[in-house]
Amino acid sequence: MISEISDVFSCRILFGSGLFLSGLLNIGFKRDIQVSYLYSFSFLIGLVQGPAWPCCGKLLQNWLPKSQFGTWWSILSTSSNVAGSLGPIIATSIALNYHWSYGFMIPGCISMTVGYLAIIVLRNRPSEVGLTNYEETNVGNKTKTENENVQLEELGFKTKSKMLLSYPFFISICLCYFMVQLIKTLFSDWSQIYLIKSFKISNYNASYFLSIFEFSGIFGSVFSGILSDCIYYAKTKRYEELISKEKTISQQRPSSVKIRMGVNFIFFLGLILSLNLFNYFLHGKISLFFLLSIAGMAGFFSYGCISLLGVIAMEFTPKSFSGTSHAFASLAANFGAITAGIPFGYISKLYTWSYGFKLTEFSAIGVCFFLMLCWNSKSKLELVNINRKKQ
């Protein structure tokens with residue numbers, strides 16, 4: 001929740017200093033560290049890295065139009081896949097060929113260098129280098145938008161929280177993020193051992209399953225962002241053509257949030273389908289092609305949802321409020337990942353592995369119905385009665 005400060009302080013400073021301090025802590029890591037200090041060390045790493053991700057999103061949001069935000073956010077989201085795949089290999093190679101401490105020192109030095117350059121080179125918004133900012137609306141009232149942003153920045157965290165949680169649509173975003181992260185963590189953390197223990201699938205094939213899951217996630221993340229941007233661009237262009245032909249039009253301007261949520265709903269259905277195949281079509285003699293196809297579907301749709309939900313959470317509110325909204329959505333996702341740990345393990349131990357996965361599938365179907373119930377609710381935080389809310 002510390003990422004909420006990205007709404008108040010400079011994203012350039014927060015992002016760069018977070019990278020720099022993260023690298024500094026990496027360099028200071030010692031092999032003979034005690035367990036209590038290890039917990040404190042991990043906490044500090046998370047603390048300095050916490051604001052970095054929403055800062056990346058806010059920087060992209062300030063520098064890009066809505067019709068490109070989804071694409072570049074999805075490309076940025078693949079960084080975790082790339083780092084998760086290459087990072088352990090590179091760090092292990094360094095540790096084996098030189099010394100284990102270099103496996104921490106070299107990435108730490110790189111992180112400090114990039115953080116320092118980010119503070120110098122990055123700018124929070126185009127106006128800082130003499131360019132025109134992308135405004136919140138296309139009404140053309142720049143003063144109104146700036147005043148609304150100032151008013152929102154003056155609101156306290158408690159007031160912002162109440163405003164966000166009063167919208168059923170935002171609650172549906174958080175609930176969907178929770179379930180997607182839960183399913184994604186189940187696949188990434190439990191699927192390999194589940195395949196080996198329950199179906200006697202070889203270690204190699206189970207490893208292939210996990211690798212394909214992560215690899216297909218890269219394509220799912222990028223494709224979901226490009227698809228939602230293309231649909232939004234096409235609908236916006238059609239709307240502007242109608243405006244140019246007619247002075248008044250009853251049709252509302254296309255909502256990027258609703259469009260991306262529609263794409264996310266399709267991806268979420270695909271994720272449920274892949275979980276259904278995983279639950280009911282696995283057996284000891286399953287072909288490798290079919291097994292990897294399930295892995296590819298699950299990775300493609302899960303990472304596609306994760307990429308879209310981050311964009312939706314930020315676009316649900318004005319730019320000066322997006323850090324808080326993203327913090328709440330990310331918190332829900334973290335709870336999903338936590339639920340996939342000890343709670344899922346306890347259920348699987350109490351009953352069976354299969355029962356735990358099937359229970360997750362039925363829960364996801366329930367979330368699907370909740371998304372449909374909230375579909376027609378307000379999909380944008382309204383900037384009304386702000387002064388009254390501040391009191």
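Q: How many cavities of 30 Å³ or more does a search of the whole structure find?
A: One. Keep in mind that this is a predicted model.

Q: How much space lies in the largest cavity?
A: About 40 Å³.

Q: How do you find empty space like that anyway?
A: You roll a probe the size of a water molecule over the atoms, and that shows where empty space is left.

Q: OK. Which residues line the largest cavity?
A: The lining is made by Phe169, Ser172, Met261, Phe265, Leu371, Cys374 and Trp375.

Q: Which helices each supply at least two residues of that lining?
A: Helix H8, which spans 168-199, and helix H10, which spans 256-280.

Q: And what does the lining have by class?
A: Six nonpolar residues and one polar residue.

Q: Switching to the surface. Which residues make the nonpolar patch there?
A: Phe20, Leu21, Leu24, Tyr116, Leu117, Ile120 and Val121. The patch they make is about 650 Å².

Q: Which helices each supply at least two residues of the nonpolar patch?
A: Helix H1 (11-27) and helix H5 (102-121).

Q: Where does the largest share come from?
A: From H5, with four residues of the nonpolar patch.

Q: Back to Phe20. Which helix is that in?
A: Phe20 sits in helix H1.

Q: Why does Phe20 count as partly exposed?
A: Because its relative accessibility is 31%. Partly exposed runs between the buried cut-off, under 20%, and the exposed one, over 50%.

Methods
Residues are numbered from 1 along each chain as its sequence is written. This is a predicted model: local features need pLDDT of at least 70, side-chain atom pairs count only at pLDDT 80 or more; totals for chains, interfaces and linings use all residues. Side-chain values use heavy atoms; hydrogens and water are left out. On a 1 Å grid over the protein atoms alone, a cavity is a set of points where a 1.4 Å probe fits but cannot get out, and a pocket is an open set with protein on both sides within 12 Å along at least five of seven lines; lining residues have an atom within 4 Å of a point. Grid points are joined across faces, edges and corners, and a volume is the space filled by probe spheres set on the points. Ala, Val, Leu, Ile, Met, Phe, Trp, Tyr, Cys and Pro count as nonpolar, Asp, Glu, Lys and Arg as charged, and the others, Gly among them, as polar. Patches are made of residues with over 30% relative accessible area and no salt bridge: like charges are joined within 9 Å, nonpolar side chains (Val, Leu, Ile, Met, Phe, Trp, Tyr) within 5 Å. Accessible areas come from the Shrake-Rupley method with a 1.4 Å probe; for residues, only the protein chains shown count as cover. A salt bridge is a side-chain nitrogen of Lys or Arg within 4 Å of a carboxyl oxygen of Asp or Glu. Buried means under 20% relative accessible area, exposed over 50%, partly exposed in between (1.4 Å probe, protein chains only).
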